[in-house]
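Dear colleague,

Please find below the structure that I am handing over to you.

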Amino acid sequence: MSKLRVGLVGARGYTGAELIRLIAAHPRFELAYVTSRELDGQRVAEHTPTFAGELRFSNPAHDTLPQLAADAVILALPNGKAGAIVQAFDAAGSHPVIIDLSADYRFDPRWYYGLPELTRSHYAGQTRISNPGCYATAMQLAIAPMLSVLDGPVQCFGVSGYSGAGTTPSDKNNPALLANNLMPYALTGHIHEREVSKHLGHAVEFMPHVAPHFRGITLTANLHLSIAFDLEEVLARYRGKYADTPLVRVQETAPWVSQIAGQHHVAIGGFTLSGDGKRLVVVATEDNLLKGAATQALQNLNTAFGLDEMAGIPMECAA
């Protein structure tokens, strides 16, 4: 079968490198172009050793992107940068599948919000897909099985490796500053707090932190419940909700972030109930660059082209 051509815009960052590896190994997709202003003209293989080929980074103007004839385009850009590119495709009358990894369209009802384990039933052939945030993915998957019995806002304490802050230098991705440290930031009103509250339809209070490790998220959710539960009832809810979802693993023990780096799934566990059974604490971990970004984008890309959602995702890593 013929290959489907995928353009990757903004490939210099950590997520871009993961997408290059995943798409290059996919049975049906191939890279049509890979853009980066800083790496323009350099061979992709020089920066992604597992990539075989002579493809080079390029830096085309926004209005020339529609002329490059890709079947799909992934935008791996900072927040606030996607709109001009989407407008260029619209102005050209070009309608490839566009997957945006930024927060720019996560609140736009015209875009499909692609958290497959929770929203795949809402996919109806949309060609504009908004990838959820990394923290937002872990939060929603940790909370969703108990959504109907929540009583009051859910409190979420999150800790991410510094790769989540991207490659542009800042205090949040400076290993020297982070060494032996835990850096809190955006403790109210974080965009992922608003994102989760919107898509779950329930208030969430989120407190993010950055830690010295490179990749991986630990998310601890504190859920107040309207009725009392015992542990077996809680486990039954989570196992039932995710029984047919290969990239969500439910376990009784609390998952460790050191075990999720390089993996494509979310691990949920550590279920702990208060004495009255009406307060539940849950821990979720994920690799912020994979299920929190690149792997999820590939799930959405597969769905958009009618392929198996798991095509090209190395399942041996998720076992």
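Predicted model: local features only at pLDDT ≥ 70, side-chain atom pairs only at ≥ 80, totals over all residues.

Residues are numbered from 1 along each chain as its sequence is written, and side-chain values use heavy atoms, with hydrogens and water left out.

The sheet. Helices (H or I, at least four residues) and strands (E, at least two) are DSSP runs, numbered from the N terminus. Seven strands form an open sheet in the order 3-2-1-4-5-7-6, with parallel pairing; two strands pair if DSSP finds at least two bridges between them. Strand 3 (57–58) and strand 6 are the edge strands, each pairing on one side only. Strand 3 is joined to strand 2 (residues 29–35) by two bridges, and F57 in strand 3 has V34 opposite.

Helices on the sheet. Helix 3 (residues 82–91) packs on the sheet, touching strands that include strand 1 (4–9) and strand 4 (72–75), and its direction makes about 165° with that of strand 4. Helix 9 (residues 290–304) lies across several strands, among them strand 1 and strand 6, and runs at about 160° to strand 5. Axes are lines fitted to C-alpha atoms, for helices over the stretch in contact, and angles run from 0 to 180 degrees between N-to-C directions. Contact means heavy atoms within 4.5 Å.

Helix 7 and V196. The buried residues of helix 7 are H192, E193, E195, V196 and L200. They cover an arc of only 165° around the axis, which puts them on the same side of helix 7; the arc is that of the directions from the helix axis to the C-beta atoms. These buried residues pack against strand 6 (112–113), helix 5 (134–143) and strand 10. V196 has a relative accessible area of 0%, where buried means under 20%, exposed over 50% and partly exposed in between (1.4 Å probe, protein chains only). Just after helix 7, G201 takes a positive phi of about 70°.

H209. This residue lies in strand 10 (residues 204–210). H209 is buried, with a relative accessible area of 9%. Leaving aside neighbours within four places in sequence, the contacts of H209 include Y135, F157 and L187.

Yours sincerely
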